[in-house]
Amino acid sequence: MNHPIRWGILGTGIIARQFADALHHVPDAHLQAVASRQQATALAFGRDFAVPTCHGSYAALAADPDIDVIYIATPHPLHADNVRLCLQAGKPVLCEKPFTMHAGQARSVVALAREQQLFLMEAMWSRFLPGIVEAKRLVDSGVIGRAQHVQADFGYYAEVGPKHRLLDPALGGGALLDLGIYPLSMAAFFLGPVASAHAIAELGATGVDEQTAFTLRHAEGGLSSCFCSFRVTTPRELVISGPLGSVRVAQPFSQARQITIALRDGDVQTLTMPLTGNGYAHEILEVGRCLRAGLQESPVMPLDQTVALLDSLDQMRSQIGLRYPADNQ
Ligand SMILES: NC(=O)c1ccc[n+]([C@@H]2O[C@H](COP(=O)([O-])OP(=O)(O)OC[C@H]3O[C@@H](n4cnc5c(N)ncnc54)[C@H](OP(=O)(O)O)[C@@H]3O)[C@@H](O)[C@H]2O)c1
């Protein structure tokens, strides 16, 4: 490719708009096309973000020959079908989190990407934030000794009605899939594969979990304590602890601007990390790097890990009695 990577965005909701904004901060990326189920919606989005091509169907975007990679920004129950549509049309894909509704769907789309030899990645953007990259470097350098505990919370008060996607089972509502995936993914990033997960939850009137607390046992040793909620606004922190001290990241799932290293000997240091635009630029850079290097997956967010994390979510869902119409697909 001797031109900036040409992106297509599938879906025109809240996160699609943030992603479009982020693309303008990446020199090697160009927002070439957008697709909506309705032409008028695609055109309105196109006007707001100066997008050259506005498609009135997702199939038209998948078939567009001027697109190098497609970002999928629809509600989670649509992800598996949308990923398949794009891969079958020969397009690499970055798909929003949670990657699919359950591990079975994830295995099927990962198999398709491997068969087609196309790039595919879950858009777990926080792994690419400079603050998280630095926290990982610090922990891997041994500054706190062997990390053995991760604590992570992601809760905010969601002022939405029962038909909103966050609470509607048909749209994959619930805190665990929408927010819990972040602490879960981050715990596995720092402590490795999850051997077992134990969850307790409070389900709301629509039948989805409004808050869930879970603990993890990691296969290579270590435990994690995680919490997610639509009912309460939590501090939103990530703390990785080892025998020599802890590394704490403030707002790890959105900005990760501040890291505090507190050591057993009393030494405390605080670092301020950079952030490009609204933060999504960093995962966009990673996709560009992988595509340019001819990689079919990112070593930072590998597909087997995405599938394994969905296995953990499935395990926790069965413990808390969280079922979705999409479970039969
Ligand atoms: N990475 C992050 O920070 C982050 C933040 C928020 C959300 N997300 C993830 O991104 C996905 C979308 O979230 P969002 O908050 O952007 O949702 P949203 O505002 O409801 O937008 C979803 C878009 O998907 C399309 N869509 C296709 N079928 C749909 C259906 N049956 N019902 C509703 N919309 C449908 C619509 O676009 P058209 O009408 O144009 O087709 C809609 O605008 C979710 O999987 C969520 O977990 C990620």
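The model is predicted.

**Ligand shell**

The ligand is surrounded by 21 residues. The closest are G11, T12, G13, I15 and S36. Two elements, α1 (14–23) and α4 (76–88), each give two or more residues to this shell. Helix α1 gives the most, with 3 residues. By class, the shell holds 9 nonpolar, 7 polar and 5 charged residues. Both domain 1 (5–118 + 281–308) and domain 2 (131–275) supply at least three shell residues.

**The sheet**

Eight strands form an open sheet with mixed pairing. Their order is β8-β9-β10-β7-β11-β12-β13-β14. Strands β8 (194–203) and β14 (268–272) stand at the edges. Each has a single partner strand, so one side of each lacks a neighbour in the sheet. On average, neighbouring strands are turned by 10 degrees against each other, direction ignored.

Strands β12 (residues 245–250) and β13 (residues 258–263) pair in the antiparallel sense, over 6 bridges. One of the residues involved is A250, whose bridge partner in β13 is Q258.

**Helices on the sheet**

Helix α6 lies across β11 (237–242), β12, β13 and β14. Helix α7 packs on the sheet too, touching β7 (149–155), β8, β9 (209–218), β10 (223–229) and β11. The table lists the angle of each helix to one strand.

| Helix | Strand | Angle |
|---|---|---|
| α6 (residues 130–140) | β12 | about 175 degrees |
| α7 (residues 175–191) | β10 | about 160 degrees |

Methods:
Residues numbered from 1 in each chain as written. Predicted model: local features only at pLDDT ≥ 70, side-chain atom pairs only at ≥ 80, totals over all residues. Pairing = 2+ DSSP bridges. Helix = DSSP H or I, 4+ residues; strand = E, 2+ residues; numbered from the N terminus. Axes fitted to C-alpha atoms, helices over the stretch in contact; angles between N-to-C directions. Contact = placed C-beta atoms within 7 Å. Near = placed C-beta within 6 Å. Nonpolar A, V, L, I, M, F, W, Y, C, P; charged D, E, K, R; others polar. Domains from an automatic or database assignment.
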